[in-house]
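Q: Hi! I have a new structure open and would like a friendly walk through it. Could you take me around?

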Amino acid sequence: EGRRILEAANRSPELKAMVAMKFRFNKDSVYIRNMVENGELGEVYYGFTTYLRQLGGIPKMGTWFTKKKLSGGGPLIDNGVHFLDLIWWLMGCPTPVRAFGITYAKFGPYGKGAKGWTGAPSPDVFDVEDLALGTIQFENGAAVMLDNAWAAFVDKEVIGTRLCGTRGGATLWPFRICYEEDGEIVSKTPDLTNIQTGNQFKHFIGCILDNKQPISTIEQGLTVLKMLDAIYRSAELGESVAV
């Protein structure tokens with residue numbers, strides 16, 4: 001389906017096509033992306049991202065959300081797509097080559113994990129994961145590790161993103177920059193006052209009105225889908241796979 005969208009976009013180059021990747025438009029994300037582009041973090045060789053909900057975080061159990069035929073997967077493709085896209089974009093969108101993944105369904109198939117969310121407490125079908133993890137290796141030697149869960153025994157929701165470079169590092173949730181100065185490690189939260197960014201909707205409208213290329217292209221969206229698909233295929237096969 002992603003390829004078909006790309007083919008349609010290529011047939012109509014006068015039209016604008018964009019994937020709605022919301023985290024790319026956060027001011028702190030833009031700040032870190034600028035640092036990477038300017039070489040301030042050096043060679044960015046590792047990225048990590050995580051989003052784990054507490055046990056009651058499975059959405060709409062028993063509906064299309066938890067049926068693979070309709071949704072394509074669980075938290076990895078629901079929320080993980082945004083976090084993977086963010087860390088990949090911050091790293092400069094390197095070319096993925098191999099992936100390894102593992103998925104688990106420890107709660108949903110047994111009617112657990114949907115407290116506070118609408119849906120059937122005892123679903124007739126729950127054939128997606130409720131936790132997934134994966135690693136991706138890129139052509140430039142860099143790597144990403146991620147995990148994502150709708151339901152897990154954690155004391156509170158876990159969310160975070162980390163970049164490691166040879167000259168510095170950066171995190172989101174919380175937003176911090178780390179680097180060395182005069183032989184000492186400095187960690188700070190930069191001022192974002194001068195960072196200009198809008199939301200994804202205003203950006204798309206602006207691309208149409210001003211004939212500009214969106215920063216989140218269909219080609220990039222398809223690459224993210226390929227990485228997610230590779231993690232799922234790896235989990236099924238029990239071995240690493242080519243992206």
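A: Happy to; we can go from the whole chain to single residues. One thing to know at the start is that this is a predicted model.

Q: Good to know. How many helices and strands does the protein chain have?
A: The protein chain has seven helices and nine strands. Its radius of gyration is 19 Å, close to the 18 Å that the globule rule gives for 243 residues, so the chain is as compact as a globular protein of that length.

Q: And what box do the C-alpha atoms fill?
A: Along the principal axes, the box is roughly 55 × 50 × 35 Å.

Q: What share of the residues counts as buried?
A: That would be 43% of the 243 residues in the protein chain. As for the surface, the chain exposes about 13000 Å², and carbon and sulfur atoms supply 52% of that area.

Q: What about contacts in the chain, how much comes from residues 24 or more positions apart?
A: Such residues account for 78% of the contacts with a separation of 6 or more.

Q: Switching to charges: how far apart are the mean positions of the positive and negative ones?
A: They are 6 Å apart, with 26 positive and 27 negative charges in the protein chain.

Q: Let's zoom in on helix H2. Which residues are buried there?
A: H2 covers residues 27-37, and its buried residues are Asp28, Ser29, Val30, Ile32, Arg33, Met35 and Val36.

Q: What covers them?
A: The cover includes two elements named E1 (44-54), a strand, and H5 (80-90), a helix. Strands E5 (158-165), E6 (168-172) and E7 (176-181) are also among the covering elements.

Q: And what comes just after H2?
A: Gly39 is found there, with a positive phi of about 80 degrees.

Q: Which other residues have a positive phi, without being a glycine?
A: Trp173 is one of them, at about 60 degrees. Asn211 is another, with a phi of about 55 degrees.

Q: Where is Trp173, and how exposed is it?
A: Trp173 sits in the loop between E6 and E7. Its relative accessible area is 29%, so it counts as partly exposed.

Q: What kind of peptide bond joins Trp173 and Pro174?
A: A cis one, with omega about 10 degrees. Pro174 also belongs to the loop between E6 and E7.

Q: Back to Asn211, where is that one?
A: Look in the loop between helix H6 (200-210) and helix H7 (218-237). Asn211 is exposed, with a relative accessible area of 59%.

Q: New topic: how many salt bridges does a search of the whole structure find?
A: The search finds four. One of the salt bridges is between Arg24 and Asp85, whose closest N and O atoms are 2.7 Å apart. Arg24 lies in the loop between helix H1 (2-11) and H2, while Asp85 lies in helix H5, so this pair ties together parts that are 61 residues apart in sequence.

Q: Are those two buried or exposed?
A: Arg24 is buried, at 1% relative accessible area, and Asp85 is buried as well, at 2%.

Q: Which residue does Lys68 form a salt bridge with?
A: Its partner is Glu236, and the closest N and O atoms are 3.1 Å apart. The pair links distant parts of the chain, with Lys68 in helix H3 (residues 68-71) and Glu236 in helix H7, 168 residues apart. Lys68 is partly exposed, with a relative accessible area of 35%, whereas Glu236 counts as exposed at 56%.

Q: And how do the side chains of Arg233 and Asp229 meet?
A: In a salt bridge, at 2.9 Å from N to O. Both residues lie in helix H7, four residues apart, which is about one turn of the helix.

Q: Why do residues three or four places apart in an α-helix point the same way?
A: An α-helix has 3.6 residues a turn, so residues with that spacing point the same way.

Q: Last one: where is Thr63?
A: Thr63 is in the loop between E1 and H3, and it is partly exposed, with a relative accessible area of 29%. Thr63 and Pro13 are 50 residues apart in sequence, and their C-alpha atoms are 37 Å apart in space.

Conventions. Residues are numbered from 1 along each chain as its sequence is written. This is a predicted model: local features need pLDDT of at least 70, side-chain atom pairs count only at pLDDT 80 or more; totals for chains, interfaces and linings use all residues. Side-chain values use heavy atoms; hydrogens and water are left out. The radius of gyration is taken over C-alpha atoms; the globule rule is 2.2 Å times the number of residues to the power 0.38. Buried means under 20% relative accessible area, exposed over 50%, partly exposed in between (1.4 Å probe, protein chains only). Contact means heavy atoms within 4.5 Å. Accessible areas come from the Shrake-Rupley method with a 1.4 Å probe; for residues, only the protein chains shown count as cover. Lys and Arg count as positive and Asp and Glu as negative; His and the chain ends are not counted. The place of a charge is taken as NZ of Lys, CZ of Arg, CG of Asp or CD of Glu.
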